[in-house]
Amino acid sequence: MLDSLTFLFGKVFVLSSFHIFNSAPAEEDACTPDTRHQAPASSSSSSSSSSFERGDLLEVPRTLFVHFGIYLGEDRVAHLMPDILPALTRDRCHVERAVTNTRLLLGVIAKTASIRVDSVEDFAYGSPVLVNRMDAALKRQPLPGEEVARRAEKLMGGIAYSLLWNNCEHFVTYCRYGAPVSLQTDKFCEGLKSIVRDQRSVLLTAVLGILSIVCLGLAPSTTLPTVLIPFTLWMAG
């Protein structure tokens with residue numbers, strides 16, 4: 001049901017925003033700079049791109065997460081982006097535009113993504129760009145820059161997306177260190193473990209379950225969660 005709603009909403013969004021009924025799959029040379037979406041300008045990213053080296057691991061802070069990419073040279077960054085649009089249209093002019101927040105959110109829900117190349121400015125999307133900080137965080141020796149960039153280039157195209165198990169951080173760490181790792185995922189899982197281990201969560205879920213029974217009545221839809229969720233947390237803790 002959720003997949004159907006996601007597909008329907010995404011299709012309506014594409015039809016209303018891009019009018020794909022009026023165009024066949026576009027050729028690459030039909031995309032002009034005037035038709036491409038421009039991300040908010042970032043003085044720090046555009047002015048410092050000349051200092052990046054091919055194979056550098058770039059990261060930009062976002063509201064809820066950090067986004068990662070591999071610098072390919074010539075102001076180009078390869079990065080894994082959740083995106084619903086490639087699943088809905090083959091119009092390259094539309095797909096190649098910088099991914100908007102709506103496209104990204106729908107891609108996360110539909111678990112679809114693509115490894116794509118954007119300019120440093122579009123990749124940064126108005127945020128400052130940090131370089132190779134993962135080397136110290138992981139305490140690993142990176143592969144040679146040329147090999148890192150070639151790994152990224154070989155992986156271009158559509159890919160399945162998972163917020164926890166296959167995200168942009170897994171992509172860049174595989175390219176730069178040879179093994180997919182996500183410190184953000186590890187941090188989230190540790191936080192989840194601490195919640196499960198805290199026995200106060202058992203009491204809280206039991207109280208919420210009892211309140212749902214009082215408000216909604218005694219029924220399988222209220223009774224089973226009231227029993228199973230606290231019991232599962234108790235055993236897991």
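Me: What covers the buried residues of α7?
Reply: The cover includes β2, β3, β4 and α8. Keep in mind that this is a predicted model.

Me: Which residues of α7 are the buried ones?
Reply: Val148, Ala149 and Ala152. They span an arc of only 95 degrees around the axis, so they sit on the same side of α7.

Me: How confident is the model in that helix? And which element has the lowest mean pLDDT?
Reply: Among the elements of the protein, α7 has the highest mean pLDDT, 97. The lowest belongs to helix α1, residues 2–18, with a mean of 44.

Me: Where does pLDDT stay under 50?
Reply: One stretch is residues 5–29, where the model has 35 contacts beyond four places in sequence. Another is residues 33–38, with 11 such contacts. Where pLDDT is low, the predicted coordinates should not be read in detail.

Me: What is the mean pLDDT of the protein?
Reply: It is 78. Of the residues, 76% reach 70 or more.

Me: OK, the overall picture. How many helices and strands?
Reply: There are 11 helices and six strands. The protein has 237 residues, and 36% of them count as buried. Take the contacts with a separation of 6 or more: 70% of them join residues 24 or more positions apart.

Me: Now the largest nonpolar core. Which residues touch the most other members?
Reply: Leu57, Ile70, Leu80, Ala152 and Phe171, out of 20 residues in that core. Two or more residues each come from β2 (66–73), β3 (76–82), β4 (112–119), α6 (134–138), α7 (145–154) and α8. The largest share is from α8, which gives five residues.

Me: Which residue does UniProt list as "active site"?
Reply: Cys168, in an unreviewed entry. Cys168 lies in helix α8, residues 168–177.

Me: Is Cys168 buried or exposed?
Reply: Buried. Its relative accessible area is 8%, so it falls under the 20% cut-off.

Me: And which residues does Cys168 touch?
Reply: Val66, His67, Phe68 and Leu80, again not counting residues up to four places away in sequence.

Me: Changing topic. Where does UniProt place a "transmembrane region"?
Reply: The unreviewed entry puts it at residues 202–219. In the model that span is 83% helix and 0% strand. Its end C-alpha atoms lie 21 Å apart.

Me: What about helix α10? What span should it have?
Reply: Helix α10 has 17 residues, 200–216. At 1.5 Å a residue it should span 24 Å, and its end C-alpha atoms are 24 Å apart, so the two agree.

Me: Which residues of α10 are buried?
Reply: Ser201, Val202 and Gly209. Their arc around the axis is only 105 degrees, so they are on the same side of α10. The face turned away from that buried side carries exposed residues: Arg200, Leu203, Leu204, Leu208, Ile210, Val214 and Cys215.

Me: What comes just after α10?
Reply: Gly217, with a positive phi of about 95 degrees.

Me: Which residues other than glycine have a positive phi?
Reply: Glu74 is one of them, with phi near 55 degrees. Asn132 also has a phi near 55 degrees. Glu74 sits in the loop between β2 and β3. Asn132 is in the loop between β5 (130–131) and α6.

Me: Is Glu74 buried or exposed?
Reply: Exposed, because its relative accessibility is 72%, over the 50% cut-off.

Me: Last one. Where is Pro144?
Reply: In the loop between α6 and α7. Pro144 counts as exposed, at 52% relative accessibility.

Definitions and conventions: Residues numbered from 1 in each chain as written. Predicted model: local features only at pLDDT ≥ 70, side-chain atom pairs only at ≥ 80, totals over all residues. Heavy atoms only, no water. UniProt positions renumbered as here; feature names shortened; annotations may be inferred. Helix = DSSP H or I, 4+ residues; strand = E, 2+ residues; numbered from the N terminus. Buried < 20%, exposed > 50% of the residue type's maximum accessible area, 1.4 Å probe, protein only. Contact = heavy atoms within 4.5 Å. Expected span 1.5 Å × (residues − 1). Arc of directions from axis to C-beta. Core = buried A, V, L, I, M, F, W, Y, C linked by side-chain atoms within 4.5 Å. pLDDT = per-residue confidence, 0-100.
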